[in-house]
Amino acid sequence: MELSTIIEHVKPDEVLNFKNVDIKGISYNSNTISSHEIFVCLKGEHVDGHNYAQMAFEKGAIALMCEKPLNIEIPQLIVSSTQKKIADLSACFHHYPSKNLNLIGITGTNGKTTVTHLIQKIMEEGSKKCALIGTLGYKLSSRSEYLEAKHTTPQAPELQSTLEKILNSGITNVVTEVSSHALEQHRVRKCDFKGAVFTNLTQDHLDYHITMENYFLAKQKLFTGLNTGSFAIINADDKYAKRFIEGIKEGVKIYTYGVKNIADIKADDVEFTSSGAKFNCTAGGKTVPIELHLNGMFSIYNALCAIATCMACSMDLETCKKALENTQGVAGRFEIVHTNPMVIVDYAHTPDGLENILKAARELTPKDGELICMFGCGGDRDATKRPKMGKIAQDLSDKIVITSDNPRSEDIQQIITDILAGLKNIDPKTVFVEPDRGLAVKLLKEISNENDVIILAGKGHEDYQILNDKTIHFDDREEVKKVFGE
């Protein structure tokens with residue numbers, strides 16, 4: 001794409017050293033830049049891309065987007081915020097793909113990944129092709145493989161490139177997870193969302209947002225940005241529901257879902273069994289019974305959320321029912337990886353997430369069995385949730401094993417100490433500490449019996465551990481199979 005076309009759409013404050021060069025791609029990483037790409041000098045939490053512009057030029061950058069003039073003799077687009085304008089640049093370069101897509105954004109603390117997969121399943125049941133983008137990567141159908149993703153919501157160049165690929169493959173429905181970081185960092189700017197979906201809002205990412213109010217305001221951007229004719233899906237049972245609804249413009253259709261409060265899509269007569277959850281779903285004046293192969297109250301909410309979204313896309317309740325009843329689950333989300341004892345791997349890494357899965361696991365625990373929880377907390381992240389998670393684990397489990405979970409640059413012993421601060425007592429018969437996560441899985445076998453239910457929380461689908469100076473391969477599911485057998 002010619003630089004003149006980009007300038008016309010991006011509208012920089014100033015252009016230096018103009019020459020109408022042909023831009024072959026967009027890069028914000030000087031290590032991976034290719035020849036004839038424009039290098040965007042992003043300013044992040046720890047790194048300023050302006051310091052790497054010279055290196056990018058030496059490696060083939062043909063133009064720069066920056067917030068100040070640099071002493072490099074190539075075209076420079078001077079903008080007030082590279083974080084915002086990289087999104088404008090990316091959308092322009094990839095020909096604004098979202099304008100021709102039914103793009104639906106899912107945001108919330110928990111449930112985003114499962115909800116995107118359920119929506120994809122329902123869409124396909126109704127003979128609609130649907131792609132998804134999220135924590136596990138992106139995939140063009142429920143039967144295709146995941147393609148790699150760096151973040152829950154990719155950075156703008158990758159996101160717009162992915163949307164263009166999806167459109168070019170003949171798919172027009174796309175459901176994507178939208179993280180609070182992505183909204184705050186403008187990664188989804190210039191995305192034309194036809195629908196926005198809210199799952200729930202509980203404590204997470206306060207290392208970044210500092211306060212729950214800031215966290216809410218970041219999430220709210222997805223809804224305040226909706227245009228007339230689009231739709232919003234709101235969890236009526238969440239305490240932030242009213243505030244999300246109040247921020248939505250006139251002309252946006254609002255659908256609510258819930259179990260406790262009045263809602264457009266509602267679940268009643270909820271039951272849990274060892275094989276899943278049952279409930280009656282009422283929507284549009286019609287009630288149908290639904291039997292899920294997923295368990296826990298959170299699964300009811302995820303199912304209702306997916307139903308509401310698909311009905312907003314003109315799909316009927318019977319199609320939703322059929323798809324949901326044929327869905328087995330999502331990798332690393334309440335995934336049963338062993339029986340006798342029942343061992344469940346889950347991604348829960350927030351206080352609310354941990355509480356939800358432990359309550360669901362308690363429903364599956366036999367009277368003569370115990371509920372055992374193994375978990376840790378991430379390093380360089382919100383430390384205030386650590387004692388809260390310790391208290392929740394102790395209150396809802398019979399035994400707990402505290403271990404590591406991506407300690408990053410922090411001292412694992414300090415993280416564990418923070419968790420232990422939330423415990424009312426440290427009984428050596430019920431509270432175990434093993435910093436090595438691999439050894440912690442072995443410890444689980446030593447302290448468990450055949451009738452017990454064991455939760456391994458925090459890692460879910462992840463197949464790595466982030467340590468101070470390296471990232472190593474580590475998969476809870478693999479470790480369980482090594483220790484407990486297939």
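**Exercise 1. Classify Pro69 as buried or exposed, and locate it.**

Step 1. Pro69 has a relative accessibility of 52%. Buried means under 20% relative accessible area, exposed over 50%, and partly exposed in between (1.4 Å probe, protein chains only). Pro69 therefore counts as exposed.

Step 2. Pro69 is placed in the loop between β4 (63–66) and β5 (76–78). Helices (H or I, at least four residues) and strands (E, at least two) are DSSP runs, numbered from the N terminus.

Step 3. Between Pro69 and His117, which are 48 residues apart along the chain, the C-alpha separation is 45 Å.

The model is predicted: local features need pLDDT of at least 70, side-chain atom pairs count only at pLDDT 80 or more, and totals for chains, interfaces and linings use all residues. Residues are numbered from 1 along each chain as its sequence is written, and side-chain values use heavy atoms, with hydrogens and water left out.

**Exercise 2. Determine how many salt bridges the whole structure contains, and characterise the pair Arg386 and Asp418.**

Step 1. A salt bridge is a side-chain nitrogen of Lys or Arg within 4 Å of a carboxyl oxygen of Asp or Glu. Side chains of opposite charge can pair when their charged atoms come close.

Step 2. In the salt bridge of Arg386 with Asp418, the closest N and O atoms are 2.9 Å apart. Arg386 belongs to helix α13 and Asp418 to helix α14 (residues 412–420), so the pair ties together parts that are 32 residues apart in sequence.

Step 3. With a relative accessible area of 0%, Arg386 is buried.

**Exercise 3. Describe the salt bridge between Glu370 and Lys399.**

Step 1. The N to O distance between the side chains of Glu370 and Lys399 is 3.2 Å. Glu370 is in the loop between α12 (351–364) and β18 (371–375), whereas Lys399 is in strand β19 (residues 399–402), so this pair ties together parts that are 29 residues apart in sequence.

Step 2. Glu370 is partly exposed at 26% relative accessibility, while Lys399 is buried, with a relative accessible area of 14%.

**Exercise 4. Identify the residues that make a nonpolar surface patch of about 240 Å².**

Step 1. Patches are made of residues with over 30% relative accessible area and no salt bridge: like charges are joined within 9 Å, nonpolar side chains (Val, Leu, Ile, Met, Phe, Trp, Tyr) within 5 Å. Accessible areas come from the Shrake-Rupley method with a 1.4 Å probe; for residues, only the protein chains shown count as cover.

Step 2. The patch is formed by Val47, Tyr52 and Met55. Val47 sits in the loop between β3 (37–40) and α2 (53–58), and its 45% relative accessibility makes it partly exposed.

**Exercise 5. Relate Leu396 to Glu355 in sequence and in space.**

Step 1. Leu396 lies in helix α13 (residues 385–396) and is partly exposed at 24% relative accessibility.

Step 2. Leu396 and Glu355 are 41 residues apart in sequence, and their C-alpha atoms are 7.6 Å apart in space.
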